[in-house]
Amino acid sequence: MKKLAFFIAILTGTGNLFGQSNYCSISVSPHDTTVCPGSPVPVTVQASVLNANQAFDFNSSAIPSGWSTIGGLGFTPPCAPPSNDGTPFYWASTSTAGVTPGITTSSFDIHCPGGFITFEMIYAVTTASPCEQPDQFNEGVALQYSTNGGTTWTTITYYAPDGTVLNNIPTSITPGASGPTPFTVWNTFNVPIPPAANTTSTKFRWYQPNTSGNGFDNWGLDNIVINAMGGNCSADISLVWSNGLTGNANTITAGAPGTDSTIVVYVYDTDGVLQCQSQPVTIHIYPDNLTYNLQDYAYSYCPTTNPSVQVTNISGSKPPYTVNWTDIPSTNNPQVLPTGGAEHNTIVYHVTISDGCGFNRQDSVTLIVNKLLKIDSLIAYDVSACKNDGAVVAYVSGITSVSNQPMYNWHGPGATNPSFINSTVWTNRSPGWYYFSVSDEVCTDSDSVQIKIKNPPTAMISANPLAGCAPFNVAFENNSQNATHYHWDFGDGTTADINDLSTQAHTYSGNAQIMLIAYDNSNCSDTTYVSVTVQACGCTDPMAVNYNPTAVANDGSCIYPEPIFNIPNIFTPNGDGENDFFEFTVTNYSNIEFQVVNRWGNPVFKGSGLNPKWDGKTNGTLCEDGVYFVTYKISSIKGDKQTEGQTFVHLIR
C-alpha cells in the first residue's frame with residue numbers, strides 16, 4: 001500500500017509562464033511520495049509545449065479578455081492570505097443584488113484528447129464579510145464546462161466547504177463547515193478534462209450555486225491553466241529522467257530505509273532544446289520506527305472476569321497498523337484475555353504489532369488470575385437419628401465489600417429446594433445436601449456440603465448357649481453399637497440397667513425371651529431380642545448301654561460296654577478256605593491294630609481297622625512254619641480307651 005501525495009508542477013524553460021506566446025508544461029505524478037521498502041512506485045509524466053492564451057493570472061487586477069464574472073468581484077481582499085506567488089488574485093463574493101459569484105472563461109479549441117485544468121483556489125475562513133467562509137454543504141464551488149456557448153453547463157467537480165470533493169452539486173446544507181478546513185488554505189488542483197469537453201469551442205467556469213446572503217461565501221482563484229490542445233494535436237516532445245529513464249511512465253522500486261531517491265524530468269522540443277523541467281520528485285522510504293504502548297501485566301480477581309488490554313499510541317511508522325494476538329488467536333484491539341476458568345493461574349499472551357510496511361514488534365502481556373473471594377470450608381454437623389438437629393457453617397475469606405454485600409445464600413436440602421437464608425450458619429437442619437454461594441462486587445464462589453444422619457444406636461445380643469438342659473447358665477454378650485446405656489429384660493421377670501457393654505450371665509430352668517434396648521446420648525434407641533430354650537436331655541448315643549431315644553441333647557451320661565475279643569493261636573494259610581487268615585473276633589470296639597514279628601524280631605505284618613487280618617505272607621511270600629509273636633491294641637466304642645496285649649500264633653501250612 002503506497003501513500004501518494006498527488007501534485008502537479010508546471011514549469012517553463014524561459015521566463016514567466018503566464019503571458020508569453022508559447023509555454024511548456026509538465027505534470028509529474030506522484031510528486032513526493034513515501035512508500036515501504038521494496039515497494040513499486042508508478043511515476044507518470046504529462047508534458048506539452050502549448051500555444052499561447054491558455055494560461056491566466058490576475059496580476060493586473062483584471063479578468064482576462066473574453067472572460068466574464070457574476071456576483072462580487074475583487075483582487076486584493078483585506079483578510080485572505082497572499083497568493084502562492086504574492087500577486088493579486090480573483091476574489092469572489094455574493095453581490096448586493098444577491099447574485100451568487102462565479103467566473104467564466106472564453107471558448108477554447110481543446111478538441112485533442114486528454115488535457116488538464118490546473119488552478120489555485122482558497123476558501124475564506126472567517127465569519128464576517130467580506131471574508132465569510134462558505135459554511136453550508138451546498139455553498140461550495142463547482143468547476144463546470146459548456147460546449148454550447150454557456151447555454152447548459154456540466155459539473156466536473158464540486159468542492160464542498162468541509163473539504164469533500166464530489167461529482168455533483170448537493171442539495172443538502174449539511175454537513176456544515178466552521179473554521180479551518182482543507183480548502184481554507186491555498187491548494188493547487190489538477191483536474192482531468194472529461195472526454196465530452198474536448199471540442200473546438202469549450203468554456204469553463206467556477207460557480208457557487210448557493211449563498212447565505214450579500215457579502216458572504218467568499219473564495220479566491222489564481223494561476224489558471226487550460227492544459228489541453230487543439231490544432232493538429234501534435235505534441236512531439238522528448239522526456240528525459242535524471243535517473244536515466246525515458247518516456248512518460250516508469251515504475252521505480254523503492255530501496256531500503258534511509259535510501260530516499262530524487263528524480264527530475266526534463267522536457268525537450270523536437271529540436272532538442274530544453275523547454276522546462278519538473279521540480280524534484282522525492283521517493284521517501286518509511287523507516288522502521290514503529291512504537292507503541294502496552295501494559296506488561298493484566299489482573300483478574302475472578303475466573304469469570306476476562307480483563308481487556310489494548311495496544312495504544314501506535315505511531316512512528318506507516319499505517320494501517322494491525323495487532324495479532326497469536327495465542328487466542330485474534331486481531332482485536334482492545335482484546336479480552338481469557339482466564340481459562342482456573343481460580344489461580346498465570347498465562348502469557350503473545351502479540352505481534354505490525355505496520356503497513358510489514359515492520360513487526362513482538363510483545364506479550366502476562367495475565368495473573370488470582371481469585372480473592374473464596375469459601376475456605378463448609379462444615380456439616382450431622383443430625384441425630386430421631387430429630388432434625390443438624391447444622392451447616394460456611395467460612396469465607398477475600399471479600400471485597402460494597403453496600404449490601406457480600407450476599408450469602410444457602411438452599412437445600414437438595415439442589416432444587418428453594419429454601420434460602422442469608423447467613424453463614426443454618427441450624428435445625430434435616431439430612432441431605434446443602435448448597436452455599438457468596439458474592440461480592442468482584443466475584444462469586446459456591447460449594448456444597450452434606451449433612452448425614454449420625455450412626456444410630458444398634459442393639460445386638462449373642463447368647464451362649466441358646467439352649468441347654470435345665471438348669472443351665474447363659475452368657476449374654478452385648479455387641480451393640482453407637483449406644484451409651486442399656487436396658488436388659490431377661491425374660492423371667494428380672495431386669496437390669498447397664499452403662500457399659502459388660503457380659504451378662506443368667507440361669508434358666510425354662511424357655512425365655514430376652515430383650516435388650518440400646519440408647520444413645522439423645523435417647524434415640526434400638527431394641528433386639530433373643531430366645532433361650534430348655535431341652536430334653538439324656539444319652540443320645542445309640543452305642544451306649546443307656547441310650548435314650550427321646551433325648552434331644554446329650555447330657556454326658558452315656559455308658560459304653562468294654563470290648564470282648566478272642567485271638568486264635570494257630571492258623572493254616574494253605575488256601576483250602578479254612579482258617580486261612582489270622583484275625584481277631586471282637587465286639588464293642590471301634591478299631592483293631594496288631595503287628596506280627598518272627599522269632600528273630602523282624603516285622604512280617606502290620607494291620608489296623610475294623611477287621612485287619614494276616615494271610616501268612618510277607619512281601620507276597622508265604623512265611624515259614626513256626627511260632628510268631630503278636631502285639632495288639634483294641635479301641636473302645638468311643639475310642640477313648642484301648643486294650644493292649646501280646647500273644648503267640650503258630651503258622652502251619
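This is a short chat about a predicted model and some of its parts.

Visitor: What kind of model is this, and which residues count?
Guide: It is predicted: local features need pLDDT of at least 70, side-chain atom pairs count only at pLDDT 80 or more, and totals for chains, interfaces and linings use all residues. Residues are numbered from 1 along each chain as its sequence is written, and side-chain values use heavy atoms, leaving out hydrogens and water.

Visitor: OK, the inside. Which residues have the most contacts inside the largest nonpolar core?
Guide: Ile 117, Phe 119, Phe 204, Trp 206 and Leu 221. That core has 30 residues. A nonpolar core is a set of buried Ala, Val, Leu, Ile, Met, Phe, Trp, Tyr and Cys residues joined through side-chain atoms within 4.5 Å. Buried means under 20% relative accessible area, exposed over 50%, partly exposed in between (1.4 Å probe, protein chains only).

Visitor: Which elements give two or more residues to this core?
Guide: They are β8, β10, β11, β12, β14, β15 and β16. Strands are DSSP runs (E, at least two residues), numbered from the N terminus.

Visitor: What does Trp 206 touch?
Guide: Its contacts include Pro 101, Ile 117, Phe 119, Leu 143 and Leu 221. Residues up to four places away in sequence are not counted. Contact means heavy atoms within 4.5 Å.

Visitor: Now the loops. Is Thr 96 buried or exposed?
Guide: Thr 96 counts as exposed, because its relative accessibility is 74%. Thr 96 sits in the loop between β8 and β9.

Visitor: And where is Val 442?
Guide: In the loop between β35 and β36. Val 442 is partly exposed, because its relative accessibility is 32%.

Visitor: Next, β33. Which residues are on its covered face?
Guide: Tyr 408 and Trp 410. Met 407, Asn 409 and His 411 make up the uncovered face.

Visitor: How many bridges join β33 to β35?
Guide: Five, and the two strands run antiparallel. Strands pair if DSSP finds at least two bridges between them. His 411 has Tyr 435 of β35 as its bridge partner.

Visitor: Last one. What is the strand order in the open sheet of five strands?
Guide: The order is β48-β57-β56-β51-β52, with mixed pairing. The edge strands, β48 and β52, each pair on one side only.

Visitor: How do β48 and β57 pair, parallel or antiparallel?
Guide: Parallel, over two bridges. Phe 571 has Leu 651 of β57 as its bridge partner.

Notes: Helix = DSSP H or I, 4+ residues; strand = E, 2+ residues; numbered from the N terminus.
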